[in-house]
Amino acid sequence: MKKHNTNYIASALLTAIIIMSVAGCKKDTANLELATNYPTNPEIFIDGFSRDLKFDAWGKVSNFDIDYTVKYKGTTSMKIAVPDASDPAGNFAGGVFYTSMARNLSGYDAITFWAKATQATTMNASYGGYPDSPGTFSDAYKVAVDVKLNSNWQKCIIPIPDPSLLTSLKGMFSYAAGALADGSGYTIWIDEVKFEKLGTLAHQKLTISNIASWPAGTGFIGQSFNCEVVETVNMPDGINTTLAVPPAYLTYTSSDNNVATVNSAGVVTLIGKGSATITVKLGDLTASGTVTLTNAVPMAPTPVVPAENVISLYSDAYSSIPIDTPKWDYVTNTLKIITVNGNNIMSFSTFSYLPITFSPINATAMTHLHMDIYVVAPTLTNQPVRLVLKDNAAGEKGINYSAGLTTGIWKSLDVPLSSFGLSSKSALVFLIIASDPQSPKMTDLYLDNVYFYHN
């Protein structure tokens, strides 16, 4: 989460028009948070800011101003100067407008605004997020879209998935924009920001967008994954827009809690073998997907080497150094991280080979390389594996290691570093894991507990 720099509307940054708006607000609202009849004021910026509005900026905090010359309607607009990528004061512009007392916005179905820019660009816009307290940001009902802008004024619309839930909202409007691809900055103008009852949003459809990645046979008892939901809405111009729907708008159920459970945050957890249908509801809209577990994979063996004897690349048993798994030439891997009871496991499909890169490490005292591999497919028996190490001082050396990989079981490899024949281990920079070129290729596998150690 970004660190926010607080600037209240009374500040000089937001000019005298904002000062006048705030100055009239003198009531003590300390006890009004308990009320149920929150104001229904839909306005955020209509020739000035609505009462009780606050502003936090991030990125280049001086990016915001009021423009009395360029506007869509009325007398003023908001002007956002997006800085160059190299600007030392911040390389993007962003901010959030929110209220100290919540508003009841359940009577509206969208937030709308007019915007344009000096260059064709994309701006992220949202509602529902606000600074809840110093260092925290509340975003349970935050909905965001990427808005494409050009030099012409255009009306932008962010639909509300279920307006009936927005009876006490504080996050009114947020924006964020960065420099262009060539690093140059530009200017955005925003005007007429308000919640509206359009009544012209149509053909809503709910979809679970990540069903393709759900377990469909092989998985782990205790494995958790998110139920990611999107809503497609036909806009007044006839074009569909798709937006991610936060869990706070949704309800979730499982057809069989003995197979899989789902909580209010949309986190699905595998409990046992079988099939379960996960159903999601947004008002009257429904979407569902099925998770199946026929092959329950055990966890990898727990490492027993003392932490002081280890340099870990990837393991929850140790503090690991930062690594990268780049897409080098011919790398076809689809990598995802599976979480099982707090333990993270690399899962690969369409596996070709895996480069693991890292800043130079001195492994002079290390004697072995360890890793745990579980082959899911194809069917292999007692298979070797190809391993390559590179040291900046000694070059690159590879070996075909007799790993004994067999489909359907965890294989723990403890490879003597001496077998690589490196003249130095003082600056190791990458490890490559691949199928032995003389053997059938691994295509689907799990990988865990990759580390160097000494006895």
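Which residue forms a salt bridge with Asp87? I looked it up: Lys60 does, and the closest N and O atoms are 2.9 Å apart. I counted a salt bridge when a side-chain nitrogen of Lys or Arg is within 4 Å of a carboxyl oxygen of Asp or Glu.

Notes on the model. It is predicted, so I took local features only at pLDDT of at least 70 and side-chain atom pairs only at pLDDT 80 or more, while totals for chains, interfaces and linings use all residues. Side-chain values use heavy atoms, without hydrogens and water, and residues are numbered from 1 along each chain as its sequence is written.

Back to Asp87. I placed Asp87 in the loop between strand 5 (77-82) and strand 6 (92-103). Lys60 sits in the loop between strand 3 (53-59) and strand 4 (64-67), 27 residues apart from Asp87. Strands here are DSSP runs of E, at least two residues, numbered from the N terminus. Lys60 is partly exposed at 22% relative accessible area. My cut-offs: buried is under 20%, exposed over 50%, partly exposed in between, with a 1.4 Å probe and protein chains only.

I found two salt bridges in the structure. Lys155 pairs with Glu196, the closest N and O atoms being 3.1 Å apart. Lys155 is in strand 12 and Glu196 in strand 14, so the bridge ties together parts 41 residues apart in sequence. Lys155 is partly exposed at 37%. Glu196 counts as buried at 18%.

Next, a sheet. Four strands form an open, mixed sheet in the order 16-24-23-20. I called strands paired when DSSP finds at least two bridges between them. Strands 16 and 24 run parallel over five bridges. Thr218 stands opposite Asn295 in strand 24.
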